[in-house]
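I opened this notebook to record what I looked up in one structure, entry by entry. The entries follow the order in which I went through them.

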Amino acid sequence: MSDNSLNFNLFSGLVVTDEILNVLLRQFNAKFPTEKDCLEELYRRAKVENVFCCRYCKNKKIEKKYGDRVGKCPRCYQRTWFTGGTFFNRIRTARPWLLAIWLMERGVVISSSRFHKFAGIAQSSALNIFKKIMMVVQNHMQEVGETLPSSFFELVFFKRSRETKAREHPLSEQEEMEKQLAVPAVSGDANCEKDIYNSLEAKEKESLGIEFDRCEKEVYDILSADPIHIDTLCQKAKLPVNKISAALTMLELRGVAVRLAGDRYTRYTVSTELKGSELETSKIKLKLFSQPSFAASAGIKELVDAAISFIRNKFHGVSRKYLQNYLAAYWLELAKPKWKRNLLLKWCWHFEPICYKQILAYVSPVEVKLPPNASSAGFSKSGVQSF
Ligand SMILES: [Zn+2]
């Protein structure tokens with residue numbers, strides 16, 4: 001079956017049946033029958049993206065046997081792992097990674113519990129693959145879609161995470177998040193204010209213990225309490241925008257940088273949190289959003305409802321902590337007809353390595369990014385409802 005006829009089927013509905021999956025798996029296996037073929041495809045794409053060079057002398061021409069992970073530099077005779085220091089750093093096998101990306105590039109998003117059976121790998125590995133790829137995808141969602149309060153998605157918060165307090169419902173994560181961001185002056189509760197201050201101070205201290213890579217360190221050093229635009233950052237750091245953007249994402253994930261409106265960034269400090277006027281505005285906005293009387297437009301409600309049913313159908317329930325990952329998965333599926341082949345793998349090759357610790361530390365922001373409707377030919381005008 002050709003790729004096109006299959007795509008036609010996929011676009012006709014949200015449900016990816018086992019039958020479709022098996023057809024796709026046969027296609028994939030025909031193209032990449034062995035682990036060596038999968039590794040070689042990753043290597044080929046790294047070369048296309050020009051991201052791979054000798055780690056010692058930066059020579060771009062490496063001698064490598066087909067399917068090998070290690071190549072030899074003909075100039076300095078050193079051996080280099082082509083996945084080392086990249087997004088694919090320390091992957092055990094290439095096949096499940098390539099398969100997951102290959103499927104997603106076709107708009108086929110399945111839950112990690114389904115992927116683990118489908119790809120014949122451990123559930124934890126499948127979840128790790130899903131989370132890491134979604135980190136990359138969500139980094140590209142900044143320019144698209146709506147920014148909405150995460151509380152709009154409370155209907156899907158069924159799963160516990162390490163952020164969930166003992167003996168509390170997963171929903172408590174949302175309440176906790178809102179409590180932490182509540183404007184102290186409004187709450188009028190001195191203890192609450194003190195708690196917030198202490199937790200922020202702890203976070204700031206913690207951030208000092210974090211080891212940054214070279215790029216992150218450079219970006220972090222430039223950041224201050226004064227908002228700086230990403231273009232200015234690029235000029236100051238003399239680094240390409242993709243490096244800066246990846247470093248900023250990692251700093252954001254670690255909770256030491258804050259993204260503000262208009263692509264501007266500040267360092268996350270106690271003072272920016274408590275005094276920063278920009279953040280105050282967003283907190284007030286959050287307050288407004290959280291009000292039961294806040295009426296989202298019918299269009300927004302429709303988008304949110306569609307995302308909620310996507311998450312419920314595919315993943316049943318999720319934790320608040322990783323909500324943004326699932327919205328990224330939704331974007332992959334929504335954008336399917338417009339999705340460019342090889343784009344996701346390209347993004348991965350240009351992303352920094354993500355370690356397990358960073359995944360654990362990730363928490364979806366209070367305001368999440370929701371992808372726009374794929375067929376955004378206008379929203380339904382009927383029935384404005386409030387949340
Ligand atoms: Zn070399």
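How many bridges join E5 to E6, and do they run parallel or antiparallel? I found four bridges between E5 and E6, and the two strands run antiparallel.

**Entry 1: ground rules**

I note that this is a predicted model, in which local features need a pLDDT of at least 70 and side-chain atom pairs count only at pLDDT 80 or more, while totals for chains, interfaces and linings use all residues. Residues are numbered from 1 along each chain as its sequence is written. The pLDDT is the predictor's confidence in each residue, from 0 to 100.

**Entry 2**

Two strands are taken to pair if DSSP finds at least two bridges between them. By this rule three strands form an open sheet in the order E4-E6-E5, with antiparallel pairing. The edge strands, each pairing on one side only, are E4 (228-229) and E5 (257-260). I reminded myself that strands of a sheet pair through backbone hydrogen bonds, either parallel or antiparallel.

E4 pairs with strand E6 (residues 264-267) over two bridges, in the antiparallel sense, and here Ile228 stands opposite Tyr265 in E6. E5 and E6 form a hairpin with three residues between them, and Gly262 in the turn has a positive phi of about 70°.

Arg167 has a phi near 60° and is found in the loop between strand E3 (146-149) and H7. For burial I counted other C-beta atoms, placed from the backbone, within 10 Å of a residue's own: 20 or more makes it buried, 12 or fewer exposed, and anything in between partly exposed. Arg167 counts as exposed because it has 6 C-beta neighbours inside 10 Å. His316 has a phi near 65° and lies in the loop between helix H15 (298-315) and H16; with 12 C-beta neighbours inside 10 Å, His316 also counts as exposed.

**Entry 2: burial and the core**

Buried residues make up 32% of the 387 residues in the protein. I took a nonpolar core to be a set of buried Ala, Val, Leu, Ile, Met, Phe, Trp, Tyr and Cys residues joined through C-beta atoms within 7 Å. The largest such core has 76 residues, and those with the most contacts inside it are Ile101 and Ile133. Helix H16 (residues 323-334) gives the largest share of this core, nine residues. Two residues are in contact if their C-beta atoms, placed from the backbone, lie within 7 Å; leaving aside neighbours within four places in sequence, Ile101 is in contact with Ile133, Leu344, Leu345 and Cys348.

Which residues of helix H7 (residues 172-181) are buried? I listed Glu173, Gln174 and Met177. Seen down the axis of H7, the buried residues fall within an arc of 100° (taken from the directions from the helix axis to the C-beta atoms), so they line one face of the helix.

Glu367 lies in strand E7 (residues 367-370) and counts as partly exposed because it has 19 C-beta neighbours inside 10 Å. Beyond its neighbours within four places in sequence, Glu367 is in contact with Thr147, Leu148 and Pro149. The C-alpha atoms of Glu367 and Leu148 are separated by 5.2 Å, although the two residues are 219 residues apart along the chain.

**Entry 3: confidence**

The average pLDDT of the protein is 78, and 76% of the residues score at least 70. Over residues 270-295 the pLDDT stays under 50, and the model has 34 contacts beyond four places in sequence for them. Residues 374-387 are likewise below 50 in pLDDT, with 22 contacts in the model beyond near neighbours in sequence. I keep in mind that where pLDDT is low, the predicted coordinates should not be read in detail.
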